[in-house]
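Reader: I am new to this structure. Please take me through it with a few questions and answers.

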Amino acid sequence: MISANLSAIFYLISGVLFILALRGLSSPETSRQGNLFGIIGMIIAVTVTFLSVGNFSSGFAFIFIFMILGGAVGAFIAFRIPMTAMPELVAGFHSLVGLAAVFVAISAFINPAAFNLGFPGNIKLASLIEMSIGAAVGAITFSGSVIAFLKLQGIMSGAPITFKGQHVLNALILISIVVLTFYLCSSQSPSLFWILIAVSFLIGFLIIIPIGGADMPVVISMLNSYSGWAAAGIGFTLENSALIITGALVGSSGAILSYIMCKGMNRSFFNVILGGFGATDQSSSSQSKEQRPVKSGNADDAAFLMKNASSVIIVPGYGMAVAQAQHALREMVDTLKKNDIKVSYAIHPVAGRMPGHMNVLLAEANVPYDEVFELEEINNDFANADVAFVIGANDVTNPVAKTDPQSPIYGMPVLDVEKCKSVLFVKRSLSPGYAGIDNDLFYRENTLMLFADAKKMTEDITKNL
Amino acid sequence: MEIDPFIFRLSIFILSIFVGYYVVWSVTPSLHTPLMSVTNAISSVIIVGAIIAALATNVDSIFTSSSIFGYLAITLAAINIFGGFLVTQRMLAMYKKKKKDKS
């Protein structure tokens, strides 16, 4: 049994270690060390909790059993998950944090004496408010993440589900949560607490269903943020600084990532949250589309162009990951490099299904991270490059975003692919991308379309090099 | 007049938001996916609350209604802690610098 003050200091230390864990991610070299700090912080927090409870009853054995059980499941998933499925995994993990927060809040409500919060029916007012916030945000995180997971996994259609009066209903439910919390605080009634949790589950579900599958990067980041706020709410209840610090860190991290994703798509956060924009919204694409001439070529032409180039920029998109072409692509690049051709990769902020997803996929294919560049770093280099190789990307290369104020993607930051001497565009057909608009790049004089499966085309080009 | 301890916790909270804001902006965009998985793992420090809940048995019985929720939360948080840190480790191990280039 250690004193409350001493354990508070240890919690503070683990909070600081968590800050260092995030700090380590500022560069790949320090990142592994950062992860280690995070693990040490977690071990300290758990050990101190055991010591401070000090009640070495038979309950301990059960805690270890459940911890090992959960740990084994977690480890199994962590080793088995393919990198393309990271968005689903993260959404699934968020739902668990949310549910754990709800469970902790429930047990604090049932047995407040264990947490020094008062007694059933007479819980301290501040604690009750914090508990309700933790439980409500946790519940929203849980049900929202479950929907996000189902949409990403393809179990549920990615199409936005909208109905009349949706926003009014959501607003009413949100107001009812506030009202319920108010009455809960004055009456301390357990049934109100259960209703509050149930309503929060419902709103989490309703908030996410109208959001289209392609907006999931924003949703995952947002839920990341929520899971942090839920943890912070519980941290206030438990008067635990490690939880408060972590909750605040995770909350702001998720918020920043949502902001970056929204900016990458040039959409406001509210526009995404209010939903309705997504895969099925194709009205803009069906307008009069005159048949414009397109130059198309085969692997041989592409190989010829690249062989005579001195620098090539690769623009990968989610389609590359779907076709599992990243390894084939790396082989092609290796061959190019052997011919003394300079190769770099250009990554758009919203390439992939979650922030930084494309970087992980390339890293998995053994692409060195110092050949991979972000949009701002590389955009000026397109003008000096000989060949741009667009594989599995579409809207993020559309020059219309810079030229046509009428376009729905006007103002979105795009890669200046068209400034290259020649553009090779690997795509199955001329169909529009997620935004539902025609890509002007297809019809440019310097664009050569390569109609094929990304993986097969890349392999064929390598053979012809 | 005494300052309510809540105010101190609130100060920690607000300052941590600012620390988080600046630290996260300095994270390189190429590591945003590991950032999400590691934040996932550390937010599972909520396991601390779950352990207190599980061990809070007034009577001799190990399983009371409140401790059962504690055990459930421990299991969920443990999945996240192990899964989150390990998958982060796995991803970070893949980030390599250009090395050989002996051509």
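Reader: In what order do the six strands of the open sheet in chain A run?

Author: This is a predicted model, in which local features need pLDDT of at least 70, side-chain atom pairs count only at pLDDT 80 or more, and totals for chains, interfaces and linings use all residues. Residues are numbered from 1 along each chain as its sequence is written, chains are lettered from A and ligands numbered from 1 in the order written, and side-chain values use heavy atoms, without hydrogens and water. Strands are DSSP runs of E with at least two residues, helices runs of H or I with at least four, numbered from the N terminus, and two strands pair if DSSP finds at least two bridges between them. The pairing here is parallel, and the order is E5-E4-E3-E6-E7-E8.

Reader: Which are the edge strands of chain A?

Author: An edge strand pairs on one side only. In chain A these are E5 (372-374) and E8 (447-451).

Reader: Over how many bridges do strands E6 and E7 of chain A pair?

Author: E6 covers residues 387-391 and E7 residues 422-427 of chain A. Ile391(A) stands opposite Val426(A) in E7(A). The two strands pair in the parallel sense, and the number of bridges is five.

Reader: How many helices does chain B have?

Author: The elements of chain B run α-α-α-α from the N terminus on. Chain B has zero strands, and its helices number four.

Reader: What percentage of the residues of chain B count as buried?

Author: Buried means under 20% relative accessible area (1.4 Å probe, protein chains only). Of the 103 residues of chain B, the buried share is 56%.

Definitions and conventions: Buried < 20%, exposed > 50% of the residue type's maximum accessible area, 1.4 Å probe, protein only.
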